[in-house]
Amino acid sequence: MIYITGDTHGKFERIEEFCYGEAFTEDDDVLVILGDVGFNYFGDPKDRELKEQVSELPVTLLCIHGNHEIRPHNIKTYEKKRWRSGEVYWESEFPNILFAVDGEIYELEGKRCIALGGAHSMDKKDRTIGISWWPDEQPSETIIEHAQRKLDDADWQVDYVFSHTCPRSCLPYTELPKLLDKSDLSGKAEDYTEPWLNDIHSRLNFTKWYCGHFHMDGFYNGIHFMEFGYDELDVDLDYEEVDYGEWEEICNT
């Protein structure tokens with residue numbers, strides 16, 4: 001079975017309960033976590049302690065890169081390997097914990113699933129560079145070019161999209177686009193991930209798009225926003241579209 005859920009931020013109690021409740025097995029079952037997982041938060045022994053705990057779970061975790069964690073390619077213990085027709089980052093000590101390579105397309109139960117991680121941190125001024133915030137939280141030009149090549153190879157057709165944030169046109173906050181218009185000293189828009197995902201969204205032929213980041217469960221403008229819920233891959237659920245007024249009420253509570 002393949003399931004998808006939202007950010008965990010290093011708190012795995014609910015994941016443990018879900019995995020054992022579903023009688024998962026590591027070889028056959030996958031849980032996709034849509035970013036801000038919590039494994040590479042500090043770059044110190046606390047990260048290792050969490051990995052040791054979670055490595056006991058009977059499931060393979062496919063982790064999408066969020067905006068509150070170190071990228072695996074900047075950690076010397078990570079290597080790349082082939083997995084489900086794509087490349088992933090992994091550590092041999094923790095073989096059931098995988099990090100998706102942004103832009104890679106994975107074959108999961110016969111479905112093509114693209115990983116598009118990263119996001120802009122609006123609270124980065126309140127965090128410490130190299131400790132709680134990293135400048136490469138958003139996809140680099142190299143990552144963007146890699147994803148574009150993979151999409152070209154796939155004729156811009158996939159079954160599922162797994163991203164951390166959402167396309168700009170699908171943002172669930174009315175006030176957010178104004179905040180995202182700010183620019184840094186170089187003149188480049190501080191946030192470029194959502195506009196880039198917007199371009200992909202407008203061109204891509206896909207079945208479902210899942211994202212985390214916003215800490216809410218719901219379906220809005222064709223995007224499945226995930227937090228605590230679990231969706232099973234390729235199972236059609238009866239989703240009711242959340243209207244914008246409801247999103248605003250949720251955001252203000």
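This section describes the sheet, the aromatic contacts, the charged pairs and the cysteines of the structure.

The structure is a predicted model, for which local features require a pLDDT of at least 70 and side-chain atom pairs count only at pLDDT 80 or more, while totals for chains, interfaces and linings use all residues. Residues are numbered from 1 along each chain as its sequence is written, and side-chain values use heavy atoms, with hydrogens and water left out.

Helices (H or I, at least four residues) and strands (E, at least two) are DSSP runs numbered from the N terminus, and two strands are taken to pair if DSSP finds at least two bridges between them. An open sheet of 6 strands is present, in which the order is E7-E8-E9-E10-E12-E11 and the pairing is mixed. The edges are formed by strand E7 (105-108) and strand E11 (218-220), each of which has a single partner strand, so that one side of each is left without a neighbour in the sheet. From one strand to the next the twist averages 25 degrees, with axes being lines fitted to C-alpha atoms, for helices over the stretch in contact, and angles running from 0 to 180 degrees between N-to-C directions. Within this sheet, strand E8 (residues 111-116) pairs in the parallel sense with strand E9 (residues 160-163) over 4 bridges, and the bridge partner of Ile114 in E9 is Val161.

Aromatic pairs, of which the structure holds 14, are defined by rings of Phe, Tyr and Trp (its six-membered ring) with centres within 6.5 Å, planes under 30 degrees apart counting as stacked, over 60 as edge-to-face and the rest as tilted. Tyr3 and Phe18 form an edge-to-face pair, with 5.0 Å from centre to centre and 85 degrees between the planes; this pair links distant parts of the chain, since Tyr3 belongs to strand E1 (residues 2-5) and Phe18 to helix H1 (residues 13-21), 15 residues apart. Both Tyr3 and Phe18 are buried, a term that denotes under 20% relative accessible area, whereas exposed denotes over 50% and partly exposed the range in between (1.4 Å probe, protein chains only). The rings of Phe18 and Phe24 are likewise edge-to-face, because their centres lie 5.7 Å apart and their planes stand at 85 degrees. Phe24 counts as buried at 5% relative accessibility, and Tyr3, Phe18, Phe24 and Tyr230 form one aromatic cluster.

A charge is considered to sit over a ring if NZ of Lys or CZ of Arg is within 6 Å of the ring centre and within 35 degrees of the ring normal. Lys46 lies over the face of Phe42 at 4.1 Å from the ring centre, and the charged end of Lys81 sits over the ring of Trp90, 4.1 Å from its centre.

The structure also holds 7 salt bridges, each being a side-chain nitrogen of Lys or Arg within 4 Å of a carboxyl oxygen of Asp or Glu. Among them, Lys51 and Glu91 have their closest N and O atoms 2.9 Å apart; Lys51 lies in helix H2 (residues 45-54) and Glu91 in strand E5 (residues 86-91), so the pair ties together parts that are 40 residues apart in sequence. Lys51 and Glu91 are both buried. In the salt bridge between Glu104 and Lys150 the closest N and O atoms are 3.6 Å apart, and Glu104 is buried at 2% relative accessibility, whereas Lys150 is partly exposed at 26%. Arg48, Glu52 and Glu93 are linked in a network of salt bridges.

The structure holds 0 disulfides, a disulfide being a pair of cysteine sulfur atoms within 2.5 Å. For Cys166, the nearest cysteine sulfur, that of Cys211, is 5.0 Å away, and Cys166 counts as buried at 0% relative accessibility.
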